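Please consult the sequence and the structure shown here alongside the text.

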Amino acid sequence: MYNKNKRKLAFSLVVLMGLLSTTMIDAMHIMEGFLPKVHAAIWFAIAIPFFLVGLKSISKIVKDHPEKKLLLALAGAYVFLLSSLKLPAMTGSCSHPTGVGLGAVLFGAGPMFVLGTIVLIFQAILLAHGGLTTLGANAFSMAICGPILAVAIYKLCKKAKVNEMVSVFLAAALGDLFTYCITSIQLAAAFPKGNFFASMLGYMEIFAITQIPIAIMEGIVTVLVYSGIKQYEGGLLSEEFN
């Protein structure tokens, strides 16, 4: 029965990739070379320790629970597919789903520090989506801050005994929105236009036009995928990591 459910889970991943890949187009997070060199270097320095912590988290999961490798791969693929979608938001950036909420709910924030960063590297190299010089900034907003808030929201909802699927929805949607709050801070810090806070709010307002409906959509899709995993996981969710 376990192997049968495992095959169903793998098949679901293939179907998900096929459905979403039909809408994948070249896009960008904060694009290559857009940030000043000093800012790009600072975000790299901030992101690296989180990446190292994430490596330890993944190593522990793979060592202690090798049966969860497929589920871990699904979480990474989900990030790649959703974050490859694009709606232009402003010069130098764009709005898109992040996909980090699913993995954050399933495994905690740590593994998403690594999976999200790897996704950003592949997108920068293969899709010209984002950039290598802005990798630190993009990783901090999407692969680090988004998952941290998603886990915090999910735990808070569990303590408050909120419905599980509502908890997953809120974790995914608010984790998505938080990513763009951080991106707004990064852009305002790099290009304050005289007033940092006014610039930050200006960037947030621009992102909000496209990002709020995208976040709602991501929350709904994440609930559907999470529900499917629970139906066919064959015990893979028996232990929590977050």
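Cys 145 counts as buried because its relative accessibility is 8%, buried meaning under 20% relative accessible area, exposed over 50% and partly exposed in between, computed with a 1.4 Å probe on protein chains only. Cys 181, at 27% relative accessibility, counts as partly exposed. The structure holds zero disulfides, a disulfide being a pair of cysteine sulfur atoms within 2.5 Å.

The model is predicted, so that local features need pLDDT of at least 70 and side-chain atom pairs count only at pLDDT 80 or more, whereas totals for chains, interfaces and linings use all residues. Residues are numbered from 1 along each chain as its sequence is written, and side-chain values use heavy atoms, with hydrogens and water left out.

**Overall fold**

The protein has eight helices and two strands; helices (H or I, at least four residues) and strands (E, at least two) are DSSP runs numbered from the N terminus. The order of elements from the N terminus is α-α-α-β-β-α-α-α-α-α. Of the 242 residues, 49% count as buried. Among contacts with a separation of 6 or more, 80% are between residues 24 or more positions apart, contact meaning heavy atoms within 4.5 Å.

**Helix H4**

Helix H4 (residues 100-107) is largely enclosed by the rest of the structure, because eight of its eight residues are buried. The buried residues of H4 include Val 100, Leu 102, Val 105 and Phe 107. Their packing partners are H2, helix H3 (69-83), helix H5 (109-126), H6, H7 and H8. Just after H4, Gly 108 takes a positive phi of about 95 degrees.

**Packing of H6 and H7**

Two packed helices are described by the angle between their axes and the distance between the axes. For helix H6 (residues 135-159) and helix H7 (residues 164-190), the axes come within 7 Å and cross at roughly 145 degrees; axes are lines fitted to C-alpha atoms, for helices over the stretch in contact, and angles run from 0 to 180 degrees between N-to-C directions. Residues that make this contact include Phe 140, Cys 145, Gly 146 and Leu 149 of H6, and Glu 164, Leu 174, Gly 175 and Phe 178 of H7. By class, the contact has 15 nonpolar, seven polar and two charged residues, where Ala, Val, Leu, Ile, Met, Phe, Trp, Tyr, Cys and Pro count as nonpolar, Asp, Glu, Lys and Arg as charged, and the others, Gly among them, as polar.

In the loop between H6 and H7 lies Lys 161. Its phi is near 60 degrees, a positive value in a residue other than glycine. Most residues other than glycine have a negative phi. Lys 161 counts as exposed, at 76% relative accessibility.

**Salt bridges**

The whole structure contains two salt bridges, a salt bridge being a side-chain nitrogen of Lys or Arg within 4 Å of a carboxyl oxygen of Asp or Glu.

| Salt bridge | Distance between closest N and O atoms |
|---|---|
| Asp 64 and Lys 60 | 3.1 Å |
| Lys 230 and Glu 164 | 3.1 Å |

Asp 64 and Lys 60 both lie in helix H2 (residues 37-64), four residues apart, about one turn of the helix. Asp 64 is partly exposed at 39%, whereas Lys 60 is exposed at 54%.

Lys 230 forms its salt bridge with Glu 164. This pair links distant parts of the chain, with Lys 230 in helix H8 (residues 196-232) and Glu 164 in helix H7, 66 residues apart. Lys 230 is partly exposed at 35% relative accessible area, and Glu 164 is partly exposed at 30%.
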